[in-house]
Amino acid sequence: MRVTLGDSTIAAADVAADYFRSYSVVGLLAVVGVLFVAVAFGAARLLRPVVPTPEKLLTYECGVDPVGEGWAHTQVRYYVYAFLYVIFAVDSIFLFPWATVFAAPGYGATTLVEMFIFLGFLAVGLLYAYKKGVLAWT
């Protein structure tokens, strides 16, 4: 099968090979990153001094000796706020590539519709959190 792009004709196998070659670069980069972290942790384990003492094995919290039980009651709502913040912060990162693609010729209307669908999903999530009472700070 041959694909015609303008004045040139390209074989479909060449297009597929080029497509997967770009993913192989990403996969190779991921493997190198994992190896880098593994080597760093391995070197740290080999080079660190290991001299356990009873003082080193105690629970340490802000330089204060532990008193009483290790269990403390915490408010879950603070974690929910943090979780919501992370969700919306990560989702807002997707706005930057959208802005660059939106400026490219030929992508204006399609990109705008896709972004409003994306923002609609975010609005539904925020409305759901509001209806569940998660956003009420008491």
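**Helix packing and a nonpolar surface patch**

In this predicted model, Leu84, Phe88 and Asp91 of helix α2 are in contact (heavy atoms within 4.5 Å) with Phe118, Leu122, Leu126 and Ala129 of helix α4. Residues are numbered from 1 along each chain as its sequence is written. Because the model is predicted, local features need pLDDT of at least 70 and side-chain atom pairs count only at pLDDT 80 or more, while totals for chains, interfaces and linings use all residues, and side-chain values use heavy atoms, with hydrogens and water left out.

The axes of α2, which spans residues 76-93, and α4 come within 12 Å and cross at roughly 170°; such axes are lines fitted to C-alpha atoms, for helices over the stretch in contact, with angles from 0 to 180 degrees between N-to-C directions. The two helices α2 and α4 are therefore roughly antiparallel to each other, a term for angles over 145 degrees, whereas those under 35 degrees count as roughly parallel.

Helix α2 also meets α3, where Asp91, Ser92 and Ile93 of α2 touch Leu95, Phe96 and Pro97 of α3. Here the axes come within 4 Å and cross at roughly 20°, so α2 and α3 are roughly parallel to each other.

On the surface, Leu95, Phe102, Leu112, Phe116 and Leu119 form a nonpolar patch with about 410 Å² of accessible area together. Patch residues have over 30% relative accessible area and no salt bridge, and nonpolar side chains (Val, Leu, Ile, Met, Phe, Trp, Tyr) are joined within 5 Å, like charges within 9 Å; a salt bridge is a side-chain nitrogen of Lys or Arg within 4 Å of a carboxyl oxygen of Asp or Glu. Helices α3 (95-103) and α4 (108-131) each supply at least two residues of this patch, with the largest share, three residues, coming from α4. Phe102 lies in α3 and is partly exposed, at a relative accessible area of 36%.

Taken along the sequence, the protein chain follows the pattern β-β-α-α-α-α, its helices (H or I, at least four residues) and strands (E, at least two) being DSSP runs numbered from the N terminus. Of its 138 residues, 5% count as buried, meaning under 20% relative accessible area, with exposed over 50% and partly exposed in between (1.4 Å probe, protein chains only).

Technical notes. Accessible areas come from the Shrake-Rupley method with a 1.4 Å probe; for residues, only the protein chains shown count as cover. Angles under 35 degrees count as roughly parallel, over 145 as roughly antiparallel, 65 to 115 as roughly perpendicular and the rest as oblique.
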